[in-house]
Amino acid sequence: MHKNLIIDAFEKARHDLVKEGHNKPSKVAISEKLSDYISEHTKTELGERRFRDYYDHALELNSDKGKDIKIQQYEIVSGLCNYLGYGNYEDYKSNKKKRSYKIFFYIAGIIGILVLSLALFNSESNCWMEWKDDHYEIIDFDTQKFNDGTLKLCKEDRLEHFKKVNVGCSTSFFDLKGHVKIWYGKNRHKELEYFSAYGLHPETGKTLKPITEYMIKTHICESY
């Protein structure tokens with residue numbers, strides 16, 4: 001409930017002490033600053049030793065999202081929120097959540113830009129392919145297709161051996177040793193499609209499954 005509040009308050013106090021001329025503020029100095037602030041701005045007090053205990057405990061639990069600490073005195077919680085620039089604990093939690101979302105989208109955006117930049121940087125030297133009807137074809141780099149996810153780096157086995165095939169009672173589903181020769185998966189319209197090699201469905205990205213006698217008799221050839 002309050003471990004993030006304690007950690008944030010300590011970080012602000014550390015930053016404030018540095019601005020005041022302290023080179024490397026100790027945990028004791030930081031705790032004393034918070035204790036002094038609470039004493040001056042609220043109707044209660046909390047010693048620096050107690051602040052240190054709260055901080056150490058918060059750091060121990062910081063990696064475990066399922067565990068937290070609780071500060072019993074409302075005045076202490078309210079005072080720390082005020083120190084951080086918030087009117088109350090609800091404001092602190094709300095802004096904390098908004099900051100988390102902003103950070104997530106910022107990082108996601110940076111990653112996206114880096115990926116796109118790398119692709120553009122290598123676009124001339126790399127070979128690119130796109131799924132066309134029933135097979136992969138080599139094409140020139142296209143930014144829009146790359147963003148849409150339809151453009152992929154060339155793979156020789158995909159270009160040569162991976163095809164969508166029509167199947168029927170005369171299809172050779174297994175080789176002489178009983179190894180599978182046909183794989184299947186559903187397209188975006190939930191329709192079964194069949195392929196000549198193992199891999200991911202070109203449209204959905206889901207892993208194809210090896211054909212079975214049950215699938216053959218149920219969906220392809222009842223007399224198999």
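## Close-up views: cysteines, pockets and a helix

At 0% relative accessibility, cysteine 81 counts as buried (under 20% relative accessible area is buried, over 50% exposed and in between partly exposed, with a 1.4 Å probe and protein chains only). A word on the model before the views: it is a predicted one, where local features need pLDDT of at least 70 and side-chain atom pairs count only at pLDDT 80 or more, while totals for chains, interfaces and linings use all residues. Residues are numbered from 1 along each chain as its sequence is written, and side-chain values use heavy atoms, with hydrogens and water left out.

**View A. The disulfide of cysteine 127 and cysteine 154**. A search of the whole structure turns up two disulfides, a disulfide being a pair of cysteine sulfur atoms within 2.5 Å. Here the sulfur atoms of cysteine 127 and cysteine 154 sit 2.0 Å apart, and the link is left-handed, with -65° about the S-S bond. Cysteine 127 is in the loop between α5 (89–122) and β1, and cysteine 154 in the loop between β3 and α7 (156–161), so the pair ties together parts 27 residues apart in sequence. (Helices, H or I of at least four residues, and strands, E of at least two, are DSSP runs numbered from the N terminus.) Cysteine 127 is partly exposed at 32% relative accessible area, and cysteine 154 is partly exposed at 22%.

**View B. The disulfide of cysteine 169 and cysteine 221**. Again the sulfur atoms are 2.0 Å apart, but this link is right-handed, with 105° about the S-S bond. Cysteine 169 lies in the loop between β4 (164–165) and β5, and cysteine 221 in the segment after α8 (213–220), so the pair ties together parts 52 residues apart in sequence. Cysteine 169 is partly exposed, at 48% relative accessible area, whereas cysteine 221 counts as buried at 2%. Number the bonded cysteines of the protein in sequence order and the pairing reads 1-2, 3-4.

**View C. The largest pocket, with about 420 Å³ of space**. Pockets come from a 1 Å grid over the protein atoms alone: a pocket is an open set of points with protein on both sides within 12 Å along at least five of seven lines, and lining residues have an atom within 4 Å of a point. Grid points are joined across faces, edges and corners, and the volume is the space filled by probe spheres set on them. Of the 19 lining residues, Tyr136, Lys152, Leu200, His201 and Pro202 lie nearest the centre. β1 (128–132) and β3 (151–153) are the elements giving two or more residues to this lining, and β1 has the largest share with three. By class, the lining has seven nonpolar, five polar and seven charged residues (Ala, Val, Leu, Ile, Met, Phe, Trp, Tyr, Cys and Pro are nonpolar, Asp, Glu, Lys and Arg charged, and the others, Gly among them, polar).

**View D. The second largest pocket, at about 220 Å³**. Its lining holds 13 residues, with Gly185, Lys186, Asn187, Thr204 and Lys206 nearest the centre. Strand β5 (residues 183–186) gives the most, three residues. Three nonpolar, five polar and five charged residues make up this lining.

**View E. Helix α1, residues 3–19**. At 1.5 Å a residue (times one less than the number of residues), its 17 residues should span 24 Å, and the end C-alpha atoms are 25 Å apart, which agrees. Among the buried residues of α1 are Leu5, Ile6, Ile7, Phe10 and Leu17, along with Lys3, Asp8 and Asp16. Just after α1, glycine 21 takes a positive phi of about 115°.

Definitions and conventions
1 Å grid on protein atoms, 1.4 Å probe; cavity = no way out; pocket = protein on both sides within 12 Å on 5 of 7 lines; lining within 4 Å.
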